[in-house]
Amino acid sequence: NQFWKNKSWWCQPWSIILVGLFAIAFSWFLFMKVWLTLLLFILVVLWWYLFLHLAPRIYLSNNID
C-alpha cells in the first residue's frame, strides 16, 4: 500500500520484524534470563503493533480521498 512505498528500506515490515526477532534472540543468548527476554518480547510486540498495524491504519484513514 501507499504507506510502505513512502518508507525507506529500514522501515519496511520485513526489516521491523527481523530487527524485533533479532533483539529477542540476542536478549536470550546474551542474558539467558526468561523475565528479561519476556519483557523485551512484550516491548517488541507493542512496537510491531504500533508500526505494523496502527501507523498504516491511521495513515490510510487520514488519506482517504
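Which residues does Thr37 touch, not counting residues up to four places away in sequence?

1. Please keep in mind that this is a predicted model. In it, Thr37 touches Ile24, Ser27 and Trp28, once residues up to four places away in sequence are set aside.

2. Thr37 itself lies in helix H3. Its relative accessible area is 11%, so Thr37 is buried, the cut-off being under 20%. A polar atom of the Thr37 side chain lies 3.0 Å from the backbone oxygen of Lys33.

3. Now look from the other side. Leaving aside neighbours within four places in sequence, Ile24 is in contact with Thr37, Leu40, Phe41 and Val44.

4. By type, the residues of the contact of H2 with H3 are 18 nonpolar, three polar and no charged.

5. How are the two helices arranged? The axes of H2 and H3 are 9 Å apart, and the helices pack at an angle of about 175°. H2 is therefore roughly antiparallel to H3, since angles over 145 degrees count as such.

6. Finally, the core. Six residues form the largest nonpolar core: Phe3, Trp4, Ile16, Ile24, Val44 and Trp48. At least two residues of this core come from each of helix H1 (2-5), helix H2 (13-31) and helix H3 (34-62).

Key
Residues numbered from 1 in each chain as written. Predicted model: local features only at pLDDT ≥ 70, side-chain atom pairs only at ≥ 80, totals over all residues. Heavy atoms only, no water. Core = buried A, V, L, I, M, F, W, Y, C linked by side-chain atoms within 4.5 Å. Buried < 20%, exposed > 50% of the residue type's maximum accessible area, 1.4 Å probe, protein only. Helix = DSSP H or I, 4+ residues; strand = E, 2+ residues; numbered from the N terminus. Contact = heavy atoms within 4.5 Å. Axes fitted to C-alpha atoms, helices over the stretch in contact; angles between N-to-C directions. Parallel < 35°, antiparallel > 145°, perpendicular 65-115°, else oblique. Nonpolar A, V, L, I, M, F, W, Y, C, P; charged D, E, K, R; others polar. Polar contact = N/O pair within 3.5 Å; in protein donor to acceptor, adjacent residues only side chain to side chain.
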